[in-house]
Amino acid sequence: MECDLAVVGGGIVGLATAYRFTQRFPGKRVVVLEKEPRVAEHQTGHNSGVLHSGIYYKPGSLKAVNCRAGKLAMERFCAEEGIAHDICGKVIVAVDDGDLPALQRIYDRGVANGVRCELIDKARLADLEPHARGVKAIHVPEAGIVNYRQVCERLSEKVQLAGGEVVFGALVTAVHHAPGGVTAVTPRGAFTAKQLVNCGGLHSDRVARLTGQNPGAKIIPFRGEYFALKPAAHKLCRNLIYPTPDPRFPFLGVHFTRMIDGSVECGPNAVLAFGREGYKFFALNPRDLLETLAYPGFLRMALQHWKMGLGEMWRSLNKAAFVRALQRLVPDVTADDLLPAPAGIRAQAVANDGSLVDDFLIQEADRVVNVCNAPSPAATAALQVGATIVDRLAVRFE
């Protein structure tokens, strides 16, 4: 099959890229290659569903710029398409005085990024979230929640209505370059395109290498494990309750999230997954695990952060420890309030020196664009990220 653009990956970034391409270049043909039987099967479909405001991110970073514009675009898209979403607001809580310097830095970043936010005292926190405990907090009224799987399904429909195609069961096993285009080989056949965009998520580094590029980092999978509040305990969280995050890590810490269906999730912790799609604790993919353990960047990261890693693993194995972490934010929660909830996998790019790649990493080459790292807020920012990628492709089509 021949097309103008082939997009590898049917998650939200890949579908948003394909959709933005159909808008920018009506009449040109785009094909999305997805290895699973439906869209949004991995990171997007296991997402917590938060519409992030952009308060956490370094001003001027790709995260900050794309999040702010992407959130507004996502809100407009959901409103126009009738997709469930709610701008419900969130609080970021300093549980003790030791959190105050980091809380102030987050607030300063929010102001610099143009986020509507305010520092609030204990009394105002109690008004907003009566069961949360803290000495101070940031209220971010523009944060929200949405059903990202529904967003993906609608994006897929719109791509196909514009003359594109979404091909399932299309695992890319090889990529061949020729003067007239680039060919992605899959079990569903070979797809030759003028340009190829890799939005492979958990496998983005492998796809990048198939295209002949070195992403300079490897995807290390971290499993985020959750509990859900029983319906009788939903009163403990009205909207979104987050801790002040440790500035040394890209993870936000365990938090409480009201989902768009009314349920409330608690978590996640973050533990090394034994496979890139290892959603259960004992799910083992020998190839993935050996690749992780043999990677110098992982070993350097593990040596640097072993203490925190052991704490995360302990919470994974010990429900009481997980509950104690939740009680720092909401003291009234108990083990009896919690039910197991599905886990997610975060595709964390780790550089060879052991540093965690904390921003979008997009590499360009002749006929190929590789999205090698798309961390949170990728779902919130997807429509803007897609537009950015299409902007980079535009000179190749105009």
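In the protein chain, residues 24 or more positions apart account for 74% of the contacts with a separation of 6 or more. The structure examined here is a predicted model, in which the chain contains 10 helices and 19 strands. Along the principal axes, the C-alpha trace spans about 65 × 45 × 35 Å. The radius of gyration of the protein chain is 21 Å, in agreement with the value near 21 Å that a compact globule of 398 residues would have.

Of these 398 residues, 57% count as buried, while the accessible surface of the chain comes to about 16400 Å², with 54% of that area belonging to carbon and sulfur atoms. As to charge, the protein chain carries 46 positive and 40 negative side chains, and the centres of these two sets lie 2 Å apart.

Asn-239 is located in the loop that lies between strand E13, comprising residues 217-229, and strand E14, comprising residues 240-243. The relative accessible area of Asn-239 is 19%, and because the buried class is defined as under 20%, Asn-239 is assigned to that class.

Notes: Residues numbered from 1 in each chain as written. Predicted model: local features only at pLDDT ≥ 70, side-chain atom pairs only at ≥ 80, totals over all residues. Heavy atoms only, no water. Helix = DSSP H or I, 4+ residues; strand = E, 2+ residues; numbered from the N terminus. Buried < 20%, exposed > 50% of the residue type's maximum accessible area, 1.4 Å probe, protein only. Rg over C-alpha atoms; globule rule 2.2 N^0.38 Å. Contact = heavy atoms within 4.5 Å. Areas by Shrake-Rupley, 256 points an atom, 1.4 Å probe, with all protein chains shown as cover. Lys, Arg positive; Asp, Glu negative; His and termini not counted. Charge placed at Lys NZ, Arg CZ, Asp CG, Glu CD.
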